[in-house]
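Look over the sequence and the model before reading on.

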Amino acid sequence: MKWDKYTIATTTAAEDIISAMLGELGIEGIEIENNVPLTEEETGDMFIDFPLQMPPDDGSSRVSFYLESGEDHEALLAKVHAALAQEKQFLDIGSAQITKEQTEDADWMNNWKQFFKAFTIDDILIKPTWEELKTEDKGKILIEIDPGISFGTGKHETTQLCIRQLQKYIRKLSGPSGRPKVFDVGCGSGILSIAALKLGAREVTGIDIDENCIGSACGNMKVNHLDESDWNFYSGNLLADEELQKQEALKEYDIIAANILADVIIPMAPVLFPCLKKGGIFITSGIIDFKEQDVREALLAAGFEVLETNYQGEWVNITAEKPLD
């Protein structure tokens, strides 16, 4: 099979937000190339005799994605151009020029696996399914993950921000009256849902607009030996489907986690507000730092009270509460 490779000329500062934007458009298999020097930790994980010789880091980056050759992609590419034009208003994304080349079939869907290694978030170990568990890690809370083509290895700052907030508020809301029920909006690989159950949630429901994510999330739940009666995933569009909004509002979740883009969180805030119990917690991330205030204002306008804001790199988590009265 042949593939059309589209490469966006951008900046290292914008590569994450552009990758996330492509993911929101349903584009899979994103590849990033830049000249940012590797850290000592990264080079330590690479079995090489000589250090890699790279050109000087000039701040440029190339974000590529693949589409099957011979199909009509004009409508999708038009959405990419429109999204890039919108991002250009807020962020230096470079020229954003898109070039195209054709490539033969290759295992680019799996090549990224060589860079996904086990790592910890506090006392939580996140390990790819293809790695053996080390003896010294057996006392940690274990999450095994194979993201496949879905977003969510746990490495990204936004996911780590969410996991830490889930850990804090699941503990806070657990007690004699029971354990919290969690709604994972934009579930991707299911990593936040897995974390929620491992951290003590009673049950989780996950939703994603990409049907491919549902199979990935269900598979990862089974890999982690989580009881099928405790979780449910389905594909749907909460913003567009009013019946779905009513259905979820009846469930009155204790915690909602939304690790999605700021531009989705903003219109989603009033939709998710009725889905929370009074005193329920809304954990948001996927927010680039310059859109923090926009998200904060949207949460307040929807009726939430902001509890805390956390930062990791250029990414922001805002955790809010549905008032008791």
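**Overall picture**

This is a predicted model. The protein chain has 9 helices and 14 strands. It runs to 325 residues, of which 46% count as buried. Take the contacts between residues at least 6 apart in sequence: 70% of them join residues at least 24 apart.

The table sets out the geometry of both pairs.

| Pair | Axes come within | Crossing angle |
|---|---|---|
| α4 (residues 157-173) and α5 (residues 191-198) | 10 Å | roughly 25° |
| α8 and α9 (residues 292-302) | 8 Å | roughly 10° |

Start with α4 and α5. Their axes cross at roughly 25°. Angles under 35 degrees count as roughly parallel, and α4 and α5 are therefore roughly parallel to each other. The crossing of α4 past α5 is right-handed. On the α4 side, the contact uses Thr-159, Cys-162, Ile-163, Leu-166 and Ile-170. On the α5 side, Ile-191, Leu-192, Ala-195 and Ala-196 take part. Sorted by class, this contact of α4 with α5 holds 8 nonpolar residues, 1 polar residue and no charged ones.

Now α8 and α9. Their axes cross at roughly 10°. The two helices, α8 and α9, are therefore roughly parallel to each other. From α8, the contact residues are Ala-262, Ile-265, Ile-266, Ala-269 and Pro-270. From α9 come Asp-294, Val-295, Ala-298, Leu-299 and Ala-302. By class, the contact of α8 with α9 has 9 nonpolar residues, 1 charged residue and no polar ones.

**Helix α7 and its buried face**

Which residues of helix α7 (residues 242-249) are buried? They are Leu-244, Gln-245 and Glu-248. Seen down the axis of α7, these buried residues fall within an arc of 105°, so they line one face of the helix.

What does this buried side of α7 pack against? The strands are β8 (181-185), β9 (203-208), β10 (231-235) and β11 (253-259). The helix is α8 (262-272).

Key
Residues numbered from 1 in each chain as written. Predicted model: local features only at pLDDT ≥ 70, side-chain atom pairs only at ≥ 80, totals over all residues. Heavy atoms only, no water. Axes fitted to C-alpha atoms, helices over the stretch in contact; angles between N-to-C directions. Helix = DSSP H or I, 4+ residues; strand = E, 2+ residues; numbered from the N terminus. Parallel < 35°, antiparallel > 145°, perpendicular 65-115°, else oblique. Left-handed = near helix turned anticlockwise from the far one by under 90°. Contact = heavy atoms within 4.5 Å. Nonpolar A, V, L, I, M, F, W, Y, C, P; charged D, E, K, R; others polar. Buried < 20%, exposed > 50% of the residue type's maximum accessible area, 1.4 Å probe, protein only. Arc of directions from axis to C-beta.
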